Amino acid sequence: MGMTVVQKILARASGRGAVAVGAVVEPAVDLAMSHENGALVINQFLEIYEGTGLAPAPWDPSRIAIIFDHRVPAESSKTATNQRKVRAFVAAHGITKFHDIRGDRGGICHQILPENGYVRPGQVVVGTDSHTTSHGALGAFAFGIGATEMASVWALGRAVNIEVPATISVQVHGTLPPMVGPKDLILHLVGEIGAAGATFRVLEFHGDTIRRMPTSGRLTLCNMAVEAGATSGIVPADAETVRYLREEAGVQEAVEPVVADADAPYERVMDVDVSALAPQVACPHTVDNVRPVTSVAGTHVDQIVIGSCTNGRLDDLATAARILRGRKVADGTRMLVFPASGRIYQQALAAGYVADLVQAGAVVMNAGCGPCLGVHEGALGDGEVALSTTNRNFKGRMGNASAEVYLCSPAVAAASAVTGAIADPREGGER
Amino acid sequence: MSASNVVLALGDDVSTDVIYPGRFMATVLPGETPLYAFADHAEFNTRLKAGAVPRGSAIVAGKNFGCGSSREQAVSTLKGHELVIVAEGFGRIFLQNAINLGLRLVEAPGVQASVGDELAIGLVEVVNLTTGKRYPTRPLPAARQAIVDAGGLIPYTRRRLLETAGRR
């Protein structure tokens, strides 16, 4: 019996020739990522060492990454104090993959890791963030864990008691129509699979659509695999992965893709043809409440958000700028844009996208998570409606339990900004 | 077998944003997070803070309880009140966090209960004493039992560290 990509990665990381689905392994961790919640990880880490007589020291500081993104700049003295505590720990232990609040090399963890070449095919990547699934886009096995589990990883260098997950093969075929992209594909898939349909499973993406998809789109797909309950999403590394790592992430070393065996044991195979896919919208208050944009077109929108680890990359901003160039955000609607990283912000400035967006009336904010998780920057008022390119629309998600959040692609968001209501970007005329 | 009074009955897909809203995430200490449990459910949150919910009380929910974020506060906030969560299923990260921190979760497919019902929670089944219905429970994945037996992930990891240090 052959192995899936994730089986192969876990076998290697556990020092075994092969691992079966359901086997319990303790893989060595290649990269351990945290953000502001690193403050809690530090607490738990120090508690592990209490009474042991051992000096608390992470197993390998070069494999720890800490990126401030959830609350940048700090929205409260409490957050600022947490960030200060993390900085002190980073300095004390020589953690080099640290990205502070900066306009040049700061940004969202799920963009900072790929663009700096921290993630490589075949790695085991853990992060104290559920959207760590994103890094499967580079052929790594990447999944979210809690702060205490991260403290354990910092101490042992291993994730303990991991069950080798079953894999669902998602075969995607056809050419995405104009104004339809990776976000529409993953929203469609989450709607099909359901919010818990892939729990304890991995979504492994294949097919000609995926082979032609740039890494930015693959990051969008894998990012939202968790919204179907999946442990992770993964795109087996290929020529595009190597191109991305060489050209965009500055990786010089050899890249060794890990691919599935022809007789890998998939629990299920899904076939999806995207050639007639319509733009998709996830309606309040679950991500699997997905409908074609036409069925909710005309819904008034108070706030539009473009950004996040799902859709704050350069091609997302380019799409929004192309649609909004020479147009105006409708009165009665506000539009916030959050580039995913300082690097993307600079690229968007150079390409003129920031000017297009600002002249249209959008507010371009600093790189970071923005209002996605309802902490600061762009909270919603009572009864308001948001249309957002982020990844979650749970009740209360954007800071107000009486507000509603719809999720969509950058094209839908930008087209809707012009009309002030949910709009089908295919009807906006050639741009 | 333990008896629990149902203090909250919820549906499917109760997210960590509902259990512990993001705006309180700067609060991380287990001694403080219990203040914000179900903060947007004002009536229940008020009762929790007033100490009007006895320890060992049960929240009953449908599928995918704890879906969403990896925030551990969603577990420590419930652990602080020593609640038991009986649900048809749990989100993966929430389940692992609960095991790591010692929050009691019971997976009982099909479970149905209303606020005020009495549950008898055993190893193999949950009995709703009010309705008389019985629901078999699904055992924890065996791999996780070692962490539960150690009293949580912190003592488990501490022991592993000491074993490693002892071999050097």
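**Entry 1: the order of elements in chain B**

I read chain B along its sequence and wrote down the pattern β-α-α-β-α-β-α-β-β-β-β-α-α. I am working with a predicted model, so I keep that in mind throughout. My tally for chain B is six helices and seven strands. Next I looked up how compact the chain is: the radius of gyration of chain B is 16 Å, close to the 15 Å that the globule rule gives for 168 residues, so chain B is as compact as a globular protein of that length. Along the principal axes, its C-alpha trace spans about 60 × 35 × 25 Å. I also noted that 50% of the 168 residues of chain B count as buried. Among contacts in chain B between residues at least 6 apart in sequence, 64% join residues at least 24 apart.

**Entry 2: the domains of chain B**

For the contact between them, I list four residues from domain 1 of chain B and six residues from domain 2 of chain B. On the domain 1 side of that contact, I sorted the residues into two nonpolar, two polar and no charged.

**Entry 3: where chain B touches chain A**

I moved on to the contact between the chains, which takes 40 residues from chain B and 45 residues from chain A. Four helices of chain B each supply at least two residues to the chain B side: H1 (16-19), H4 (92-101), H5 (142-150) and H6 (153-167). Which helix gives the largest share of this side? I found that H6(B) does, with eight residues. By class, the chain B side has 17 nonpolar, 13 polar and 10 charged residues.

**Entry 4: chain A as a whole**

I listed 14 helices and 18 strands in chain A. A compact globule of 431 residues would have a radius of gyration near 22 Å, and the 21 Å of chain A agrees with this. Its C-alpha atoms fill a box of roughly 65 × 55 × 40 Å along the principal axes.

**Entry 5: a parallel sheet in chain A**

I picked out an open sheet of five strands in chain A, in the order S4-S3-S2-S5-S6, with parallel pairing. Strands S4 (97-99) and S6 (141-144) of chain A stand at the edges with a single partner strand each, so one side of each has no neighbour in the sheet. On average, neighbouring strands here are turned by 15° against each other, ignoring direction.

I then followed one pair in detail: S5 (residues 124-127) of chain A runs parallel to S6(A), and four bridges join them. Which residue of S6(A) stands opposite Val126(A)? It is Phe143(A). I also saw a helix over this sheet: H5(A) lies across S2 (31-34), S3 and S5 of chain A, running at about 140° to S2(A).

I looked for exceptions in chain A.

- I found a cis peptide bond between Val72(A) and Pro73(A), with omega about -15°. Pro73(A) sits in the loop between strand S3 (64-67) and helix H3 (77-93) of chain A.
- Another cis peptide bond joins Pro284(A) and His285(A), with omega about -5°. I placed His285(A) in the loop between strands S12 (280-282) and S13 (290-292) of chain A.
- Asn161(A) is not a glycine, yet I read a positive phi of about 60° there. Asn161(A) belongs to the loop between helix H5 (147-156) and strand S7 (162-163) of chain A.
- Ser308(A), also not a glycine, has a positive phi of about 85°. I located Ser308(A) in helix H10 (residues 308-311) of chain A.

Note on methods
Residues are numbered from 1 along each chain as its sequence is written. Chains are lettered from A and ligands numbered from 1 in the order in which they are written. This is a predicted model: local features need pLDDT of at least 70, side-chain atom pairs count only at pLDDT 80 or more; totals for chains, interfaces and linings use all residues. Two residues are in contact if their C-beta atoms, placed from the backbone, lie within 7 Å. Ala, Val, Leu, Ile, Met, Phe, Trp, Tyr, Cys and Pro count as nonpolar, Asp, Glu, Lys and Arg as charged, and the others, Gly among them, as polar. The radius of gyration is taken over C-alpha atoms; the globule rule is 2.2 Å times the number of residues to the power 0.38. Two strands pair if DSSP finds at least two bridges between them. Axes are lines fitted to C-alpha atoms, for helices over the stretch in contact, and angles run from 0 to 180 degrees between N-to-C directions. A residue is buried if 20 or more other C-beta atoms lie within 10 Å of its own, exposed if 12 or fewer, and partly exposed in between; C-beta atoms are placed from the backbone.
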